[in-house]
Every structure is written in structure tokens, then in C-alpha cells.
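Trainee: Could you take one loop and the sheet beside it in the listing, and go through them closely? I would like the backbone described along with the strand pairing.

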Amino acid sequence: MAWFNRRKKDTSSEAMREVVDDVVRDLAEDDRIQSTGPRFWLDHGYVDGDRVECAVCDKPLVVRLVKYSRVILATTDAQTGSPLICGDCGRLLCLDCALRLHPHRPSCDRCRRVGGVTSLMK
Ligand SMILES: [Zn+2]
Ligand SMILES: [Zn+2]
């Protein structure tokens, strides 16, 4: 499971290549571990249109589920206003808070695993 943010005006293609490399590495790692723990991004119990708040800044957000996919290439515009979820602890985060640790790969402020946060999926 990997999510990354494609559009940032100041991103050089080289920086973007590094992000892609990271994502590919994480996916290989996922395959190796075959996590059997809870899949918060899939088993969250939310439906489209549910109103939630960011766990960090309390910003109101509206749930928008995306179709399950191992890699999601998201854009900042498309994601603004809907929550992301931490795959490790289930914390809901707004995009701004999720991208504080890393500019392209959403991360949980509590777990601090870069790229551990993703879209809510169905
Ligand atoms: Zn927030
Ligand atoms: Zn977390």
C-alpha cells in the first residue's frame, strides 16, 4: 500500500524519481512482510459523505472513498477536504497534517512512518 502526492509546483523530476523509488521499495517490503494486522484503510467502517475531523487540527473533512488499489497517485486538489487514514493506527488526518513529515508521502504524526498514511478505500 502506497500513496503519493504527484503535484507540487516546486518538485524537480529528480525529486519525484526519488519518491517513486521509495514507493517501489515499500511495496516490495509489503510483499515480504505480508501484514496480517488490521487494514485500517479498508476496514474503517466509513461511507462516502461521512463527516469526520482531522485528528491533529480538528479540521472538518468529508469522507470520499477511493477504489482499492495498492498504489494511489493522488493530487493535492483531489484530496483536499477529505481525510487520509494511518495504516498503522487508524488515525484520520487532513492532507496538510499528513504531509508535514514528508512533502509527498503522507505520514502519521503519531506513528511517524513515512508513507504510512493513505486514502480511505472501498
Ligand atoms: Zn489536520
Ligand atoms: Zn498512525
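Mentor: Arg-112 sits in the loop between α3 (95-98) and β7. Helices and strands here are DSSP runs numbered from the N terminus, with helices being H or I of at least four residues and strands E of at least two. This is a predicted model, in which local features need pLDDT of at least 70 and side-chain atom pairs count only at pLDDT 80 or more, while totals for chains, interfaces and linings use all residues. Residues are numbered from 1 along each chain as its sequence is written, and chains are lettered from A and ligands numbered from 1 in the order in which they are written.

Most residues other than glycine have a negative phi. Arg-112 is not a glycine, yet its phi is positive, at about 60°. With 10 other C-beta atoms within 10 Å, Arg-112 is exposed (12 or fewer such atoms, counted from its own C-beta as placed from the backbone; 20 or more is buried, and in between is partly exposed).

The strand that ends this loop, β7, belongs to an open sheet of three strands, ordered β6-β5-β7 with antiparallel pairing. β6 (92-93) and β7 (117-119) are the edge strands; each has a single partner, so one side of each is left without a neighbour in the sheet. Two strands pair if DSSP finds at least two bridges between them. Strand β5 (residues 84-86) is joined to β6 by two bridges, and the two run antiparallel.

Asp-58 counts as exposed, with 9 C-beta neighbours inside 10 Å.
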